[in-house]
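Trainee: Before we start, please put the model on the screen. I would like to go through its packing with you step by step.

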Amino acid sequence: MANDLVRVYLPATVPLVAALRDGDELPGLAAHAVTPALREWYAEGDEEELEYVAFMRAAQDALRLLRDDPAAPRRRVVVSADVPASQVSVENRDLGTSAVRLNSAVRRAAIAAFHVDEADAEPVVADAAEVVERAAGGDPDAQFTVDSAEDLDLLWYAPEELDELLR
């Protein structure tokens, strides 16, 4: 069972994934995955729906990373990776949580895909990054702004398309 793989969704920014050009690991230990608490909360959801929830939570965390890095292009990035179950721990047991912690950086070979906003989305994403914490605090106007970003689809890139993603 320790060799089982878990699909995790890591929030990132363009500069974070650009570091993969020169390195073999993606920094970042916070991620999202389908957890037992998420399964319990969405009892009626199938696996694809649960994965979508975890993915969208990672996209929202990417907004927080953008807020903290004003130099990064205003594009959300989510990295899908398959890591050994032994590398993943669930620290938060709140009902419905998808948050997990990785005990080491994600190796490039574990990356299944990159998901990135297209360049045209940058103004909407920039606005959402500015207000994401206010939205989490219950501000309805801020939530509307974040929802506008969440309505945008992220483009899919295979791991070998990293250079194309970074253009």
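Mentor: A crossing is left-handed if the near helix is turned anticlockwise from the far one by less than a right angle, and right-handed if clockwise. Helices (H or I, at least four residues) and strands (E, at least two) are DSSP runs counted from the N terminus. This is a predicted model, in which local features need pLDDT of at least 70 and side-chain atom pairs pLDDT 80 or more, while totals for chains, interfaces and linings use all residues. Residues are numbered from 1 along each chain as its sequence is written, and side-chain values use heavy atoms, without hydrogens and water.

Trainee: In which kind of crossing does H4 pass H5, left-handed or right-handed?

Mentor: Helix H4 spans residues 122-136 and helix H5 spans residues 140-150. Their axes (lines fitted to C-alpha atoms over the stretch in contact) are 8 Å apart. The crossing in which H4 passes H5 is left-handed.

Trainee: How are H4 and H5 set to each other?

Mentor: The angle between N-to-C directions runs from 0 to 180 degrees, and for this pair it is about 135°. Under 35 degrees counts as roughly parallel, over 145 as roughly antiparallel, 65 to 115 as roughly perpendicular and the rest as oblique. H4 and H5 are therefore oblique.

Trainee: How are H3 and H4 set to each other?

Mentor: H3 packs against H4 with the axes 8 Å apart and an angle of about 105°. Gln-60, Leu-63, Arg-64, Leu-66 and Arg-67 of H3 meet Val-125, Ala-128, Ala-129, Val-132, Glu-133 and Ala-136 of H4. By the angle, H3 and H4 are therefore roughly perpendicular.

Trainee: Which residues is Val-79 in contact with, leaving aside neighbours within four places in sequence?

Mentor: Val-79 is one of the residues that touch the most other members of the largest core. On that basis, Val-79 is in contact with Val-8, Tyr-9, Leu-10, Ala-12, Val-17, Leu-26, Ile-111, Ala-113 and Phe-114.

Trainee: What is the relative accessible area of Val-14?

Mentor: Val-14 lies in helix H1 and, not counting residues up to four places away in sequence, touches Pro-73, Arg-75, Val-77 and Leu-166. From Val-14 to Arg-75, 61 residues along the chain, the C-alpha separation is 7.2 Å. Buried means under 20% relative accessible area, exposed over 50% and partly exposed in between (1.4 Å probe, protein chains only). Val-14 counts as buried, because its relative accessible area is 11%.

Trainee: How far apart in space are Ala-31 and Glu-161, C-alpha to C-alpha?

Mentor: Ala-31 sits in strand S3 (residues 30-32) and is buried at 2% relative accessibility. Outside the four places on either side in sequence, Ala-31 touches Val-8, Tyr-9, Leu-10, Pro-11, Ser-98, Ala-99, Val-100 and Leu-102. Glu-161 is 130 residues from Ala-31 in sequence, and in space the pair is separated by 22 Å.

Trainee: Is Glu-91 buried or exposed?

Mentor: Glu-91 lies in the loop between strand S5 (88-89) and S6. Arg-101 is ten residues from Glu-91 in sequence and 7.0 Å away, C-alpha to C-alpha. With a relative accessible area of 58%, Glu-91 is exposed.

Key. A nonpolar core is a set of buried Ala, Val, Leu, Ile, Met, Phe, Trp, Tyr and Cys residues joined through side-chain atoms within 4.5 Å. Contact means heavy atoms within 4.5 Å.
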